Amino acid sequence: MENTRLFAFTQIYNQHKKAVYHYSLKMTGYCSSAEDIVQCVFLKLYEKFETINNFDSIKYWLIKTARNEVYSRSRNKMNGAKEFDEADISQPMGNVEADFEMKELSGLINDELNLLEPDFREIYILREYSGLTYDEIAGVLNISKELVKSRLYQIRTTLIKNISKKLKD
Amino acid sequence: MNCTDYQNRILDFIDGQSAADNFNDVFFHLPVCAECREFFQTAAKVNSAVSIQKESYPASLDIKIAANIPVNSKPLFAGVLTYRIPAYFAAALLLIMIFAGLTAMKELNYYRSSLERTSIQLDEQIHKTELLFHSLAPVEVTPVKQNYYY
């Protein structure tokens, strides 16, 4: 029984770990916070494994749980709790790329994402980095699917035009 | 169609929201429009950069999570006190019934054998009495005449 649970958990973990990690990383901006959130989310999943009935929407559940963690941590941070240490701040957002051009482009994308309004940024992260469907994004953010779609067009167009301009310079 | 429409089609195609067939118009438009061509090239670059970013994952996190998974997260008797109660109760009842049945059979056997013993003893007593009765000499019984006064 325990082995079956562990096997199923491992499969879900391997399938969705990157989506949860990149959502957390892009939302918090810090590798260590993202790692803590991923750990917290998957340990919660393991604890509640037998109470979860619908595994088809497990990704939605994971992202929703990660989102709650992100926002509760940001509230704690606003309340004065020390969350990030200096080592965290010195770490870059995203990961080291072998290709310099790709590294530069990743930096530009991160910069542009940081310039976006938080609501807009989250939509882009949920779609691009977590791979949620429009319906799932609408469910997570409690907005309509049409709004998700129109905002995504807006964000992508702005992002691509700004990056294009910066690459030319 | 203007450039905004073409650019929206490019975004749809990159996002996987439209089929390649719907992209034919864009392919004919791209060689003649520098703005859309640049948009397409940057969109493709951003898409591949995001794809590469998405693939990275710290290997140490796998080990950290594996180490923190509780091996026996369930309490020792969890579940015993929930849905298994009727099963345990039935099993206990069955065991009690078997034990009671065996005890009753043992008692019954004891009483039956003691009854048999008593019956044999009784038969022996009857036989002895009969033998004694037959060994006695016949006695002539003479009636005694009694006087009755009225």
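Here is a walk through this two-chain model, from chain A to the place where chains A and B meet.

First, some ground rules: this is a predicted model, so local features need pLDDT of at least 70 and side-chain atom pairs count only at pLDDT 80 or more, while totals for chains, interfaces and linings use all residues. Residues are numbered from 1 along each chain as its sequence is written, chains are lettered from A and ligands numbered from 1 in the order in which they are written, and side-chain values use heavy atoms, with hydrogens and water left out.

Let's begin with chain A. You'll find eight helices and zero strands there; helices are DSSP runs of H or I with at least four residues, strands are E runs of at least two, and both are numbered from the N terminus. Of the chain's 169 residues, 48% are buried, where buried means under 20% relative accessible area, exposed means over 50%, and partly exposed is in between (1.4 Å probe, protein chains only). Take the contacts in chain A (heavy atoms within 4.5 Å) between residues at least 6 apart in sequence: 67% of them join residues at least 24 apart.

Now look inside helix 3 of chain A, residues 58-78. Glu69(A) forms a salt bridge there with Arg73(A), with the closest N and O atoms 3.3 Å apart. A salt bridge here is a side-chain nitrogen of Lys or Arg within 4 Å of a carboxyl oxygen of Asp or Glu. Side chains of opposite charge can pair when their charged atoms come close. Because Glu69(A) and Arg73(A) are four residues apart in the helix, about one helical turn separates them. Both of these residues are buried, and they belong to a salt-bridge network that also links Asp36(A) and Lys44(A).

Next, how do the two chains meet? In total, 39 residues of chain A are in contact with 34 residues of chain B. Together the chains bury about 3,500 Å², 58% of it on carbon and sulfur atoms; buried area is the accessible area (1.4 Å probe) that two parts lose on being put together, summed over both. On the chain B side, helix 1 (3-15), helix 3 (34-55) and helix 4 (59-68) each supply at least two residues that touch chain A. Helix 3 of chain B gives the most, with 15 residues.

Keep an eye on Asp15(B). Its side chain meets that of Arg127(A) in a salt bridge (3.0 Å, N to O), and both residues are buried. Arg127(A) lies in helix 6 (residues 118-128) of chain A and Asp15(B) in helix 1 of chain B, so this pair joins two chains. Asp15(B) also forms a salt bridge with Arg156(A), where the closest N and O atoms are 2.8 Å apart. That pair joins two chains as well, because Arg156(A) lies in helix 8 of chain A.

Helix 8 of chain A (residues 145-168) also holds Ser164(A). This serine counts as buried because its relative accessibility is 8%.

Finally, visit Asn47(B) in helix 3 of chain B. It is partly exposed, with a relative accessible area of 28%. Leaving aside neighbours within four places in sequence, Asn47(B) is in contact with Glu128(A) and Ile14(B).
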